[in-house]
Structures are given as C-alpha cells and as structure tokens.
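Open your viewer and have the selection tool ready. We will go from stop to stop, and each one tells you what to select.

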Amino acid sequence: MPVCQHCGGTWSYKESLKQLLNLRRKMTCEHCNEQQYSTQRSYWVSQMAFLPAYFIIIPLVSIVFNVGFLIGFLAITPLLIFYTLISPKFLTLSNEEEPLW
Ligand SMILES: [Zn+2]
C-alpha cells in the first residue's frame, strides 16, 4: 500500500482507492493532511492504463467478435472494475509533482 512521503503513514486500501478515483495526481494524506502526488510511474500504471483499454481493447473486441462497441464496452467492464480495485496496490507517493514525461 502507498506510504506517505511526509509522515511515513501507510494509506488504507479504501483511502487509496478513493484518492485514485478522484483522477487527480494531487492527493491528501489521511494521516497528516499534507499534499501527496502519485509518482510518474504509478500515475501511468494506475490511471493511464485505461486509455489502451478504451482505444484498443474495445474496438478489438467489437471487431473480433463482430459485435457493437457497446457490447465491447460491456465485455471489458468487469476487467476495468477489477483493474480499478487492484490499482491502489501500485500507487506510490511523492512529496513533489513529477513531470508526466
Ligand atoms: Zn502523511
């Protein structure tokens, strides 16, 4: 689980998930209320992984199984939910905002 770089406190699973669902890099530590940022690596892993899902997997499912985009979307929704639920495990924190590139 993510560890606050300011106070060293470990974030709970629930809190990490809540912060991730905010979809912002700036997060507030539940222990010390200081601003924390997801590191460049964990930001890409935890949030940007959704982009290939939408732009590659859905069209691929639609084409391969000859179904509409809506069906493709519905087909990968459990995958996205699963991914969201495990993403707090990949979250690492930093005191400063790192460039994304
Ligand atoms: Zn803290």
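Select Q19 and E15 and show their side chains. A polar contact of 2.8 Å joins these two side chains. Keep in mind that this is a predicted model.

**Stay on Q19**

Which helix holds Q19? Q19 is found in helix α1, which covers residues 13-21. Is Q19 buried or exposed? Its relative accessibility is 7%, and buried means under 20%, so Q19 counts as buried. Now show what surrounds it. Leaving out residues up to four places away in sequence, Q19 touches W11, R24, M27 and T28.

**Move to T28 and the sheet**

Select T28 next. Across from T28 stands Q35, in strand β2. Colour the strands β1 (26-28) and β2 (35-38). Three bridges join β1 to β2, and the two run antiparallel. The three strands form an open sheet, in the order β1-β2-β3, with antiparallel pairing.

**Find the zinc ion**

Which atoms coordinate the zinc ion? They are the SG atoms of C4, C7, C29 and C32, at 2.3 Å. The angles among the four donor atoms run from 105 to 116°, and the site is tetrahedral. Along the sequence, the donor residues follow the spacing C-x2-C-x21-C-x2-C. Pick out C7 and C29: this pair links distant parts of the chain, 22 residues apart. C7 is in the segment before α1, while C29 is in the loop between β1 and β2. Compare their surroundings. C7 is partly exposed, with a relative accessible area of 39%. C29 has 0% relative accessibility, so it counts as buried.

**Step into the core**

Select C4, W11, L20, M27, C29, L91 and L93. These seven residues make up the largest nonpolar core. In soluble globular proteins, nonpolar side chains tend to be buried together. Leaving aside neighbours within four places in sequence, C4 is in contact with G9, W11, C29, C32, Q36 and L93.

**Last stop: I86**

Select I86, in helix α4 (residues 69-86). Its relative accessibility is 27%, so I86 counts as partly exposed. I86 and S46 are 40 residues apart along the chain, and their C-alpha atoms are separated by 8.9 Å.

Technical notes. Residues numbered from 1 in each chain as written. Predicted model: local features only at pLDDT ≥ 70, side-chain atom pairs only at ≥ 80, totals over all residues. Heavy atoms only, no water. Donors = N, O, S within 2.8 Å, 3.2 Å for Na, K, Ca; no water. Tetrahedral: all angles 85-135°; square planar, octahedral: opposite > 155°, others 65-115°. Helix = DSSP H or I, 4+ residues; strand = E, 2+ residues; numbered from the N terminus. Buried < 20%, exposed > 50% of the residue type's maximum accessible area, 1.4 Å probe, protein only. Core = buried A, V, L, I, M, F, W, Y, C linked by side-chain atoms within 4.5 Å. Contact = heavy atoms within 4.5 Å. Polar contact = N/O pair within 3.5 Å; in protein donor to acceptor, adjacent residues only side chain to side chain. Pairing = 2+ DSSP bridges.
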